[in-house]
Amino acid sequence: MTEAQTAVEMWSDGACKGNPGIGGWGVWMRSGQHERELCGGAELTTNNQMELQAVIEGLQALTRPCEVTLHVDSSYVMNGMKTWIAGWKRNGWKTSAKQPVKNVELWQALDVEVSRHTVHWVWVKGHSGDPGNERADELANRGVDLVRA
């Protein structure tokens, strides 16, 4: 962490009622004594899209470069960022099977946001009692409710 970077712990989650269907995303973050909750949603989306959107929104909300410990329960997001994205970029955003990457606009937006920060990825099992993950899940479901309202 550089002097200019603030340490932030972030939990993100996505939810979808039907897949595709109405979806929501949620983010809970804390830094020192400060906490922030974010949520939103979309009328027609997928769970994977909401998982990606949650991380994007959380990182975009940071107004300066930070050292982020990012907790996700999505293997899709975790594998995408830690394993697949380098190959996708090298192959012009195509998979190893030469097919277009699904949700490419979201992956590209996430790639931009990650480049602004020092991100440490932590996978957590969803719905297993991790307090941050449970809170992010509640926020994602609140995002669904905002779309339904």
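Where is the place of Gln53? In helix H1. Keep that residue in mind; I'll come back to it. One caution before going on: this is a predicted model.

Let's start with the sheet. Five strands form an open sheet, and the pairing is mixed. The order across it is S3-S2-S1-S4-S5. Strand S3, residues 34–45, and strand S5, residues 118–123, are the edge strands, each pairing on one side only. On average, neighbouring strands here are turned by 20 degrees against each other, ignoring direction.

Now strand by strand. Take S1 and S2. They pair in the antiparallel sense, over 10 bridges. A hairpin of two residues connects S1 to S2. For a landmark, look at Cys16, which stands opposite Gly23 in S2.

Move on to S2, residues 21–31. S2 and S3 run antiparallel, joined by 10 bridges. Find Trp25 here; its bridge partner in S3 is Gly40.

Which way do S1 and S4 run, parallel or antiparallel? Parallel, with seven bridges joining them. Thr6 has Cys66 as its bridge partner in S4.

Helix H2, residues 75–90, lies across strand S4, residues 66–72, and S5. H2 runs at about 135 degrees to S5. Helix H4 covers residues 131–148. H4 lies across S2, S3 and strand S1, residues 6–18. Its angle to S2 is about 140 degrees.

What about the core? The largest nonpolar core has 33 residues. Met10, Val68, Trp107, Leu110 and Trp121 have the most contacts inside it. Which elements give two or more residues to this core? S1, S2, S4 and S5 among the strands, and helix H1 (47–60), H2 and helix H3 (104–115) among the helices.

Zoom in on Trp107. Leaving aside residues up to four places away in sequence, Trp107 touches Leu52, Tyr76, Val77, Gly80, Met81, Ile85, Trp88, Trp93, Val101 and Lys102.

Stay with H3 for a moment. Its length checks out. At 1.5 Å a residue, the 12 residues of H3 should span 16 Å, and the end C-alpha atoms are 16 Å apart, which agrees. The buried residues of H3 are Val104, Leu106, Trp107, Leu110, Asp111, Glu113 and Val114. In general, an α-helix has 3.6 residues a turn, so residues three or four places apart point the same way. What covers the buried residues of H3? The cover includes H1, H2 and S5.

That brings us back to Gln53. Is Gln53 buried or exposed? Buried, because its relative accessible area is 19%, and the cut-off for buried is under 20%. Gln53 touches Trp25 and Leu106, again not counting residues up to four places away in sequence. Leu106 is on the list of buried H3 residues.

Last topic: salt bridges. A search of the whole structure finds six.

One is Glu9 with Arg30, the closest N and O atoms being 3.7 Å apart. Glu9 lies in strand S1 and Arg30 in strand S2, so this pair ties together parts that are 21 residues apart in sequence. Glu9 is partly exposed, at 27% relative accessible area. Arg30 also counts as partly exposed, at 35%.

Next, Glu35 and Arg135. Their side chains meet in a salt bridge, 3.0 Å from N to O. Glu35 lies in strand S3 and Arg135 in helix H4, so the pair ties together parts that are 100 residues apart in sequence. Arg135 is partly exposed, with a relative accessible area of 26%.

Then Glu113 and Arg116. Here the N to O figure is 2.5 Å. Glu113 is buried, at 9% relative accessible area. Arg116, at 29%, counts as partly exposed.

Salt bridges that share partners join Glu35, Glu37, Arg135 and Arg142 into one.

To recap: a mixed, open sheet of five strands, a nonpolar core of 33 residues, and six salt bridges. That's it from me.

Definitions and conventions
Residues numbered from 1 in each chain as written. Predicted model: local features only at pLDDT ≥ 70, side-chain atom pairs only at ≥ 80, totals over all residues. Heavy atoms only, no water. Pairing = 2+ DSSP bridges. Helix = DSSP H or I, 4+ residues; strand = E, 2+ residues; numbered from the N terminus. Axes fitted to C-alpha atoms, helices over the stretch in contact; angles between N-to-C directions. Contact = heavy atoms within 4.5 Å. Core = buried A, V, L, I, M, F, W, Y, C linked by side-chain atoms within 4.5 Å. Buried < 20%, exposed > 50% of the residue type's maximum accessible area, 1.4 Å probe, protein only. Salt bridge = Lys/Arg side-chain N within 4 Å of Asp/Glu carboxyl O. Expected span 1.5 Å × (residues − 1).
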